[in-house]
Amino acid sequence: MIVDVISAVLILTGSLLAFTAAIGIVRFPDTLSRMHAATKPQTFGMILVLAGAFVRLEGHVDGGMLILTGLFALITAPVVAQRVGRLVYREQALGKDVVDEDEFAPPR
């Protein structure tokens, strides 16, 4: 019974975080803000859902796959976000009011 409650709390909390990430992707005005919403709350939400499933499995063999899935998401999400940010910068899709100082600009 306690395992079920802990698992349900973890899964529902993770689902709520993923839902807020989805709202952020739809509502935020520019690509960098959307990228923030797509990486941090979504990744943490997915980790919580995986943790809830891991607790519910109680030592089943598939628990290792859940751990690997979480680690892969933790490794790949920042890399993808960095690549998307660089692409936005190279495509000059940033507004002048978004960046205070352009650190990638050639020296004058």
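**Notes on the model**

1. Apart from its neighbours within four places in sequence, serine 7 is in contact (heavy atoms within 4.5 Å) with Gly52, Ala53, Val55 and Arg56. Serine 7 belongs to helix H1; helices are DSSP runs of H or I of at least four residues, numbered from the N terminus. Serine 7 counts as buried because its relative accessibility is 4%, the cut-offs being under 20% relative accessible area for buried, over 50% for exposed and partly exposed in between (1.4 Å probe, protein chains only).

2. The model is predicted: local features need pLDDT of at least 70, side-chain atom pairs count only at pLDDT 80 or more, and totals for chains, interfaces and linings use all residues. Residues are numbered from 1 along each chain as its sequence is written, and side-chain values use heavy atoms, with hydrogens and water left out.

3. Helix H2 covers residues 31-57, 27 residues in total, and its end C-alpha atoms are 38 Å apart.

4. After H2 comes glutamate 58, with a positive phi near 55 degrees.

5. Met35, Ala37, Thr39, Thr43, Gly45, Leu48, Leu50 and Gly52 are the buried residues of H2. They pack against helix H1 (2-27) and helix H3 (63-90).

Key: Helices (H or I, at least four residues) and strands (E, at least two) are DSSP runs, numbered from the N terminus. The expected span of a helix is 1.5 Å times one less than its number of residues.
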